[in-house]
Amino acid sequence: MEERTAEQLAQDYSAMGDSIALITDIIAGDSMADEEAADRQDCVDRNVAHLELMKAKDDWGSEDMTATDSAISAGNGYTAS
């Protein structure tokens, strides 16, 4: 695997933040509230998978993964209704 540049790392970390925000907002009912439960679940599942994939990369520096871990845990425990 090719090493990511500092710019790529920053971009990937920012994208992770977007996934965290979306997961949090869907669970809180602040996003996609008018969508079908299956669509909300799919969106959370896809974003959790993205976070898990990105977190598994071994070239992170001192980035704080606390919010990532929390979003993964919350997303894995989420069942849309």
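**View 1. The residue following helix α1.** Just after α1, G29 adopts a positive phi of about 85°. The model is predicted, with local features requiring pLDDT of at least 70 and side-chain atom pairs counted only at pLDDT 80 or more, whereas totals for chains, interfaces and linings use all residues. Residues are numbered from 1 along each chain as its sequence is written, and side-chain values use heavy atoms, with hydrogens and water left out.

View 2. L9, D12, M16, S19, I20, I23 and I26 of α1 are buried (under 20% relative accessible area, 1.4 Å probe, protein chains only). The cover over these buried residues includes α2 (37-55) and α3 (66-76).

**View 3. The largest nonpolar core.** This core (buried Ala, Val, Leu, Ile, Met, Phe, Trp, Tyr and Cys residues joined through side-chain atoms within 4.5 Å) has 16 residues, of which M16, I23, V44, L51 and W60 touch the most other members. Helices α1, α2 and α3 each supply at least two of its residues. Leaving aside residues up to four places away in sequence, I23 touches V44, N47, V48, L51, A71 and G75 (contact: heavy atoms within 4.5 Å).

**View 4. The buried face of helix α3.** T68, A71, I72 and G75 are buried in α3. Seen down the helix axis, the buried residues of α3 fall within an arc of 100°, so they line one face (the arc is that of the directions from the axis to the C-beta atoms). They pack against α1 and α2.

Definitions and conventions. Buried < 20%, exposed > 50% of the residue type's maximum accessible area, 1.4 Å probe, protein only. Helix = DSSP H or I, 4+ residues; strand = E, 2+ residues; numbered from the N terminus.
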